[in-house]
Amino acid sequence: MNTVFLFALGLYLLIFILISIFDLKKITSFTDYAVAGRIQGTFAVTMSLLATVVGASTTIGITDTVYGIGFPGIWWLAFGAIGLILQSIFISKKVRETKADTLPDLARITVGKSAEMIIALIIVISWLGVIAGQLVAMNSLISFATGRSDKWLFVIVSIVVIAYTMIGGQTSVVKTDKLQFIVIVLGVILCCGYLYLVRGDDSSSVANNIQLINENYRPMNLLNQFFVIGGVYFLGPDIISRNFISKDETIAKKSAMIAGICLFIFSIFITLIGMWARYNITPEDLGDSKTLMYIANILPKFISVPLIFGLLSAILSSTDTCLINASSIFVKDILKKESVKYIRITVVVIGLFATALAVLGRGDIMSLLTGAYSIYTPGIIFPLLIAILCHSKNGVKTGIWIAAVILGGLFGLVGTYFSNVLTSLNLPEFISSNLTLIGMVVSLILSLLSIKRKSQE
């Protein structure tokens, strides 16, 4: 696989570079670079949405989770699908009507400049972990495909990703997303079909263990993931960025609905792959390998090669979107500039910093992403939702609204990164293990209290 993979990888990345160079002359403004001209149709927005949300966590991470806890591992993606559908129903149209360029810009329009700054800082800092998490997964994938750990190859690939994102911006990212998602779907469907229809083995155990809740996944886990994971898909910066590139409100609403339905279908395929592994691969055989990597190794090459490139596409499509969005937010909402040059510089800086974190760090993709989401979700989801819903009515009181964001984020931060301290305080287990969820409740209550009444206008 080594030679085939390296040749195909080089060709694949070359296509992305050529796309970005082709788009270079078309980029004449901040709008072209940061929100793809705000002219994208339903197909482009839907494909870009799906390519964005289907990343390392929803492929490599989900199959590992399913292998460990069983069919309830599907909930990560299922809640993501629900989040997209709820977005379509409740806020897609309202968000697009604001004509915002970024999520913090949306906060500025609906709340004020102070809201823009605090949300921008939370996203940029948290999303360094998200980008690094995707790159960690890419490093593992490259090591598997080449048969050895090659940090220089990983760094080269990372630089190419940074380069095509930097050159073509959002305009090129939308185009590469279409190709990447096609490759993702092809690889996953071929793999799933081969495992069940050709290889077979113990498929009956899979059918007998389709459970939405089990001893490894309790109702409290269900509630926690619904808000933490579903919240990011409902109102996350990368998902909402696809709303901003749409041509109009109708396209934004329709694309989120279609993407939600397609994501749910995709979740079934990727979960079934994990279930097949759970009942056909022993823990001794799997060892320290990632589940999907192990499966790729036992597949014939005409299946494993598309699968590997599907996984690579999933990682790249999420990485470039996170990279361009975090950079656009930093420049527009923190530096207060609408400069293509500054965004390009920021893409390089953030990209290289995340690459360094991936090379030096030891975190796995799910822990890095969950850590980022656990801060973002309780701090921003409910406050921003309330602000959007109240924007055309009475608005919100800025001071209380900011307190909702800060307190919600602090609960998530403490619960995620200071669990040892909480243990030493002898807090009830329910509180110490659900601080993110408690943070969401706190931020929701404060957000509701921030709503202006008619007499306060």
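**Reading salt bridges, burial and a surface patch**

Mentor: Start with helix α7 (residues 103-110): Asp105 and Arg108 both lie there, three residues apart, which is about one turn of the helix. Helices (H or I, at least four residues) and strands (E, at least two) are DSSP runs, numbered from the N terminus. The model is predicted, so local features need pLDDT of at least 70 and side-chain atom pairs count only at pLDDT 80 or more, while totals for chains, interfaces and linings use all residues. Residues are numbered from 1 along each chain as its sequence is written, and side-chain values use heavy atoms, with hydrogens and water left out.

Trainee: What do the side chains of Asp105 and Arg108 form?

Mentor: A salt bridge is a side-chain nitrogen of Lys or Arg within 4 Å of a carboxyl oxygen of Asp or Glu. Here the side chains of Asp105 and Arg108 meet in one, at 2.8 Å from N to O.

Trainee: Is Asp105 buried or exposed?

Mentor: Buried means under 20% relative accessible area, exposed over 50%, and partly exposed in between (1.4 Å probe, protein chains only). Asp105 has 2% relative accessibility, so Asp105 counts as buried. Arg108 is partly exposed, at 33%.

Trainee: How many salt bridges does a search of the whole structure find?

Mentor: Nine. One of them joins the side chains of Asp64 and Lys290, with 3.7 Å from N to O. Asp64 lies in helix α4 (residues 57-69) and Lys290 in the loop between α14 (283-286) and α15 (291-298), so this pair ties together parts that are 226 residues apart in sequence. Asp64 is partly exposed, with a relative accessible area of 23%, and Lys290 is partly exposed too, at 26%.

Trainee: Which residues are linked with Lys332 in a network of salt bridges?

Mentor: Arg38, Asp101 and Glu338 are linked with Lys332 in that network. Between Lys332 and Glu338, the closest N and O atoms are 2.7 Å apart. Lys332 is buried, with a relative accessible area of 11%, whereas Glu338 counts as exposed at 52%.

Trainee: Which residues of α15 are buried?

Mentor: Thr291, Leu292, Met293, Ile295 and Ala296. To read burial, also look for what lies over the residues. The cover of the buried residues of α15 includes α4, α8 (113-146), α9 (151-199), α13 (249-280), α14 and α16 (301-334).

Trainee: What does Lys26 touch, not counting residues up to four places away in sequence?

Mentor: Contact means heavy atoms within 4.5 Å. Lys26 touches Asp32 and Lys175, with residues up to four places away in sequence not counted. Lys26 sits in the loop between α1 (2-24) and α2 (30-35) and is partly exposed, at 43% relative accessibility. Lys26 and Val53 are 27 residues apart in sequence and 27 Å apart in space, from C-alpha to C-alpha.

Trainee: Which residues form the nonpolar patch on the surface?

Mentor: Patches are made of residues with over 30% relative accessible area and no salt bridge; like charges are joined within 9 Å, and nonpolar side chains (Val, Leu, Ile, Met, Phe, Trp, Tyr) within 5 Å. Areas come from the Shrake-Rupley method with a 1.4 Å probe, and for residues only the protein chains shown count as cover. Ile406, Leu407, Leu410, Leu413, Tyr417, Phe418, Val421, Leu425, Leu427, Phe430 and Ile431 form this patch, with about 960 Å² of accessible area together.

Trainee: Where does the largest share of the nonpolar patch come from?

Mentor: From α19, which gives five residues. Both α19 (398-417) and α21 (429-432) supply at least two residues each. Leu410 is placed in helix α19 and is partly exposed, with a relative accessible area of 42%.
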